[in-house]
Amino acid sequence: MNQMNELFLGIFLCSCLMLAVSSRLLHCIRIVALQGVLLGIMPVTLAIGHGDIHWSVMIINLSLKGIILPCLLYRTMLKAGVKRELEPVIGYSLSAGVVLALILFSFFISGRLSLPAGASDLAGLAVPCSFAVVMTGLFTVIARKKALTQVIGFLVFENGITLFGAAVMREHPLIVELGILLDVLVLVFIMGISVFQISREFSHIDADRLNSLKEEAR
Amino acid sequence: MNNSLPVFAVNFIAALVLAPLLPGIINKVKAFFAGRKGPRLFQLYSDLGKLLKKECVISSTSGGILRIAPAIQLTLTVLAALLLPMGFKNSPLMFPGDVLLFFYLLGTCRFFSVLAALDTGSSFEGMGAAREAFFSALAEAAVFAVLAFLVLFSHSWTLSGMLTGIGMDSWISFTPVLLVSLAMLLVMLAENCRVPFDDPETHLELTMIHEAMILDYSGADLGAILYTSSLKLWIFGSFIVSMLIPGNILSGWQETALSIGGVFASAVLVGIVESSMARYRFLKVPPLLISALVLAIVAMIFQLFFNGGIR
């Protein structure tokens, strides 16, 4: 099963790169959905050969991150009427380079971490991958202007945390997982509503232009 | 390995003879997806036969490069094919570092096609040449990242050693090999001017790259160019196939059948890619090539940090 998990982690890294270079919001949403589905499957493939399988975590992750959240994002996208990120703060080629640097950096720092004794044998690969996913998510929040893309970046960031938890601490309590998920769900709901409000009020969802509203009004 | 030379020779001749089939296969696949009947499978053979009978018309502004460029390109491509392992057998010409020769033979081939396009004196062809030079410069970075990975992976400095060295045991952890194959597929599409980068169907459009450069050729010269591009497609297909399929699991002639079938399968894959997506805008091509580079580097990270995975 280790090859399977390794392949999943490889797909995770590739999805980060795709997120960095894709300008279509629909594309970004699909990538987040793919990550959610992978996160749903991974608890099972990780647990094979190690005893009990957390079916509940799998079902919740799969349904919430793989289906419900992407659907919500898609609905918000349709309502706000934005299809693509036109003028990112950091261009797409440079973004790919930055994400690559972040991946290298996360491999570098996780080589210096000492993992807990109870960590699984996959942790050596999963820790740098989850760091890379976390950093890509944060980078997306910084490097993109549209509020919707920033929400997507936040979701990717959260996926990274879940990946870290799933791969390193096989016995992590269900209640923590549920707490994180609830946070994210509420966030996406609120952001979905506020993105819609922003777009209705100002006919755009560029978050950086909201900063200068006051000065313009004066 | 004592009978490797005849097997290589048979594979090499098969590559030379069967290469014009690849565009036919791609067109058939595209026609299938479009619900049309499409041109015959052997269309390029008939085209080549027709073109060989015609005389060449050379532009009056040409300084002579246009006349010799097709022959040079054909020779260099055949030479590059000689360096590639065929049918999972080592090339008889292999020496340490021949990968550089291999890719720079193809690079010189491209150099001459760019030079000849400038030689025609047509601004339209100059535009195509500029694009070709720009995109292939970006593709080269990806190619060398792939090569660096292959050197790390196989601990061999010869092209044959690299490609045939990926055996059954390396499939214990296949993620880096898959990533690199994906990067190489992107490079193959870019180098052969296939769909996400260039549309070989368009013949008089401002957006085209390769077809813009060969507008001035006619007769046998055009035949040589068409044959060269199909042979190049074969070379890249064969590169990916020998990277993906582990050798040394079958006996000699089955390997031959497997590698030729694999190249045909790669042509089918190219056809599927072409029928399922549109050509990218120019602005989106550099990010795509850079992501090929990044894929190869990620594979290298996997290889460097984990020796190919968790054993």
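Which residues in helix 1 of chain A meet which residues in helix 5 of chain A? I began with this pair, taking helices as DSSP runs of H or I with at least four residues, numbered from the N terminus. Glu6(A), Leu9(A), Phe12(A), Leu13(A), Cys16(A), Leu19(A) and Ala20(A) in helix 1 meet Leu125(A), Ala126(A), Cys129(A), Ala132(A), Val133(A), Thr136(A) and Thr140(A) in helix 5, where contact requires C-beta atoms, placed from the backbone, within 7 Å. By class, I found eleven nonpolar, two polar and one charged residue there (nonpolar: Ala, Val, Leu, Ile, Met, Phe, Trp, Tyr, Cys and Pro; charged: Asp, Glu, Lys and Arg; polar: the others, Gly among them).

I noted that this is a predicted model, in which local features need pLDDT of at least 70 and side-chain atom pairs pLDDT 80 or more, while totals for chains, interfaces and linings use all residues. Residues are numbered from 1 along each chain as its sequence is written, and chains are lettered from A and ligands numbered from 1 in the order in which they are written.

Next I looked up the packing of helix 1 and helix 5 of chain A: the angle is about 15 degrees and the axes are 10 Å apart (axes are lines fitted to C-alpha atoms over the stretch in contact, with angles from 0 to 180 degrees between N-to-C directions). The two helices are therefore roughly parallel, a term for angles under 35 degrees.

Finally I turned to the two chains, where 21 residues of chain A are in contact with 17 residues of chain B. Helix 1 of chain A gives the largest share of chain A's side, nine residues.

How values were computed
Parallel < 35°, antiparallel > 145°, perpendicular 65-115°, else oblique.
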